[in-house]
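Reader: I'm new to this one, so please start with a quick overall picture and then take me slowly through one part of it.

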Amino acid sequence: MILIDAVQGSAEWLAARVGVITASRAKDACKMLKNGDPAEVAIAYAAQIALERVSGVRCDETFVNAAMRRGTELEPQARAAYEADTGILVLESGIVLTDDRVFGYSTDGLIGSDGLLEIKCPSSPRVVCSMWRDGDVSEYMHQIQMGLWITGRKWLDFVMYDPRLSCVGKSLFVKRIDRDETFIEQLEIGLMRCAKLAEDFATALQK
């Protein structure tokens, strides 16, 4: 495991992600059709990874919208609120890579020797209300379990933060997710499939 202690969004952090299959895209990487073939989104992602590896240039340039900026700006507040509410100290960290630098996870914090912190600051009222009503984190489960797989840690505290709800004492939502070996076993199969596809694309580009 390689830990690159770089601020998320910095030039060093962005450079460390080039050609790396990241946890934020794990769900796309593992997406399959009913016949077992990779879905189009998985193929497109593998092609992106291949081109990045061959060229050394980022291929995921994304327009930074207001919602994304909001998440970046609120993350430090969310981390501080979590520490104040739980009494747990969080060590800020950058990106964790596997030894071969094929897979990576940008953690929002390390907790002790066993835990991770994952922070979401959604702007969508529907997402916020649904999370408080249902507590359903399945949308993020691939990212969460990939983070636990890469780091070897046992659990992750999922945090949703929205200061708009401070008026009712619900600005901070916390849910602990344990490492799921069965999920990780299937996740690893999908990730390896995507890595192989990316390798095949890279080979074709280099011929």
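Author: Let's begin with surface: accessible areas come from the Shrake-Rupley method with a 1.4 Å probe, and for residues only the protein chains shown count as cover. By that method, the protein has about 11,000 Å² of accessible surface, and carbon and sulfur atoms hold 54% of it. Keep in mind that this is a predicted model, where local features need pLDDT of at least 70 and side-chain atom pairs count only at pLDDT 80 or more, while totals for chains, interfaces and linings use all residues. Residues are numbered from 1 along each chain as its sequence is written, and side-chain values use heavy atoms, with hydrogens and water left out.

The protein has 7 helices and 8 strands (DSSP runs numbered from the N terminus: helices are H or I with at least four residues, strands are E with at least two). Its radius of gyration is 17 Å, close to the 17 Å from the globule rule for 207 residues, so the protein is as compact as a globular protein of that length. That radius is taken over C-alpha atoms, and the rule is 2.2 Å times the number of residues to the power 0.38. The C-alpha trace spans about 60 × 40 × 35 Å along its principal axes, and 43% of the 207 residues count as buried (under 20% relative accessible area; exposed is over 50%, partly exposed in between; 1.4 Å probe, protein chains only).

S5 pairs with S6 (residues 115-120) in the antiparallel sense, over 2 bridges. There, Ile111 has Gly115 in S6 as its bridge partner.

Finally, zoom in on Trp155, which sits in S7. Trp155 is buried, with a relative accessible area of 15%. Leaving out residues up to four places away in sequence, Trp155 touches several residues, including Ile111, Gly115, Leu148 and Ile177 (contact means heavy atoms within 4.5 Å).

Methods:
Two strands pair if DSSP finds at least two bridges between them.
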